[in-house]
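Visitor: I am new to this one. Could you show me the structure and then walk me through it?
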Amino acid sequence: MLSSAHSVDQGPIIPRSAAEVNWKQALASAFRDWHELLDYLQLLPQQLDFSIKAEQQFNLRVTRHYAAQIRKADPQDPLLRQIAPLSEELQQVPGFSHNPVGDLESVESSGLLHKYHGRVLLMISSACAIHCRYCFRRHFPYHEHRYNEERIQQSLNTIKADNSITEVILSGGDPLLLSDSSLQELLQKLAQITQLKRIRIHSRIPVVLPERMSDTLADMLASTRLQAVLVIHCNHPHELSTVNRQRLLHYRQRNITLLNQSVLLKGVNDRVDTLAQLSEQLFDCHVMPYYLHALDKVSGAAHFDSQPADIARLYAGLQTRLPGYLVPKLVKEIAGEASKSLYIT
Ligand SMILES: *Cc1c(COP(=O)(O)O)cnc(C)c1O
Ligand code: SF4
């Protein structure tokens with residue numbers, strides 16, 4: 001709920017600006033009601049196989065901005081498919097489980113995940129601005145836990161005590177749902193940890209809630225001693241609106257490194273043309289394609305899964321279409337490995 005985004009506002013370093021009021025209002029006006037969304041999209045209920053049970057597992061949430069990028073009156077729209085709670089989600093498919101990567105509980109309790117050399121993942125927000133149906137979070141909505149300063153401080157102490165850590169990744173949920181003042185405070189504390197070189201943010205917000213991509217936030221990321229990397233999550237070229245592009249270009253101009261990760265989703269972006277266009281358009285806004293993730297086998301998402309042979313053909317096709325630097329690395333997450341693993345078919 002929005003309350004978690006509001007509840008973090010303590011001891012403002014930066015007074016709440018008009019921009020912050022604006023993005024919080026945009027967040028509050030997100031669609032949460034299926035029939036309201038259908039009306040807006042000029043669709044009839046019988047055109048989609050909505051499931052109230054799927055909706056109860058992981059409730060509907062779509063920002064107005066994202067909804068505006070969905071084509072009207074098209075039940076097959078690739079953006080709509082990512083957010084619509086459909087009865088396909090209720091299929092039980094062998095190999096798909098509640099916790100495919102196997103580390104969710106430990107993350108939830110500590111908020112800090114140190115799996116790979118040199119970098120740690122710090123979960124600072126439990127909420128998201130949009131609910132993506134393919135996400136493992138569908139089974140771990142974390143009940144909208146509050147931003148917990150004590151827990152964060154413990155994590156900072158752990159980081160400080162380990163000289164091998166040079167990069168902190170802010171993750172969630174969506175870390176950019178934190179208020180400017182909380183983010184600023186956290187950035188200042190991180191900058192004081194001398195061995196740290198980089199701060200990385202993983203967020204879907206640049207795509208779904210461009211109102212939050214304020215100049216204030218760009219200032220904060222541009223002015224910290226740490227090198228700032230923003231990894232956005234964009235799956236389809238239609239997700240890059242004019243507004244998104246302008247905001248990304250502004251951030252790039254402030255020397256914030258921009259990368260993108262996508263999830264390969266059947267019926268959404270599993271075509272060479274779509275992925276090639278996505279890379280081209282990302283680069284138009286100076287965002288480098290970074291990862292293309294094979295789907296995590298989470299129950300409820302089996303209808304997004306592609307066959308290994310199709311994935312191999314698709315990726316080979318993409319490699320023949322694009323310069324090498326615009327081909328994202330095709331990876332999957334395997335529990336216990338020391339890095340993301342290259343997807344080999
Ligand atoms: C994905 C991930 C990272 C980041 O990995 P990179 O390959 O550096 O992008 C870091 N920590 C955890 C726990 C991760 O799952
Ligand atoms: S964590 Fe990312 S992919 Fe998952 S629901 Fe939130 S925004 Fe979507």
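Guide: Strands are DSSP runs of E with at least two residues and helices are runs of H or I with at least four, numbered from the N terminus. The model is predicted, so local features need pLDDT of at least 70 and side-chain atom pairs pLDDT 80 or more, while totals for chains, interfaces and linings use all residues. Residues are numbered from 1 along each chain as its sequence is written, chains are lettered from A and ligands numbered from 1 in the order in which they are written, and side-chain values use heavy atoms, with hydrogens and water left out.

Visitor: In which sense do β4 and β5 pair?
Guide: Strand β4 (residues 198-203) and strand β5 (residues 227-233) are parallel, with six bridges between them. Two strands pair if DSSP finds at least two bridges between them.

Visitor: How many strands form the open sheet?
Guide: Nine strands form it, in the order β1-β2-β3-β4-β5-β6-β7-β8-β9, with mixed pairing. At the edges stand β1 and β9 (341-342), and each has a single partner strand, so one side of each has no neighbour in the sheet.

Visitor: Changing topic, which residues are around ligand 1?
Guide: They are Leu113, Lys115, Tyr116, Arg119, Leu121, Ile169, Arg200, Tyr290, Tyr291, Glu333 and Lys340. A residue is near a molecule if one of its heavy atoms lies within 4 Å of it. β1 (112-116), β2 (119-123) and β7 (288-293) each supply at least two residues of this shell, and β1 gives the most, with three.

Visitor: What polar side-chain atoms lie by an oxygen atom of ligand 1?
Guide: One belongs to Arg200, at 2.8 Å from an oxygen atom of the ligand. An N or O atom in the side chain of Tyr291 is 2.6 Å from an oxygen atom of ligand 1, and for a polar side-chain atom of Glu333 the distance is 3.4 Å. Of the 380 Å² of accessible area that ligand 1 has on its own, the protein covers 92%; such areas come from the Shrake-Rupley method with a 1.4 Å probe.

Visitor: And which residues surround ligand 2?
Guide: Cys128, Ile130, Cys132, Cys135, Arg137, Arg204 and His233 surround ligand 2. By class, that shell has four nonpolar, one polar and two charged residues.

Visitor: Where is the cis peptide bond?
Guide: The peptide bond from Gly172 to Gly173 is cis, with omega near 10 degrees. Gly173 lies in the loop between β3 (167-171) and α9 (180-191).

Visitor: What is phi of Gln42 near?
Guide: Phi of Gln42 is near 55 degrees, a positive value in a residue other than glycine. Gln42 lies in the loop between α3 (34-40) and α4 (52-57).

Notes: Polar contact = N/O pair within 3.5 Å; in protein donor to acceptor, adjacent residues only side chain to side chain. Nonpolar A, V, L, I, M, F, W, Y, C, P; charged D, E, K, R; others polar.
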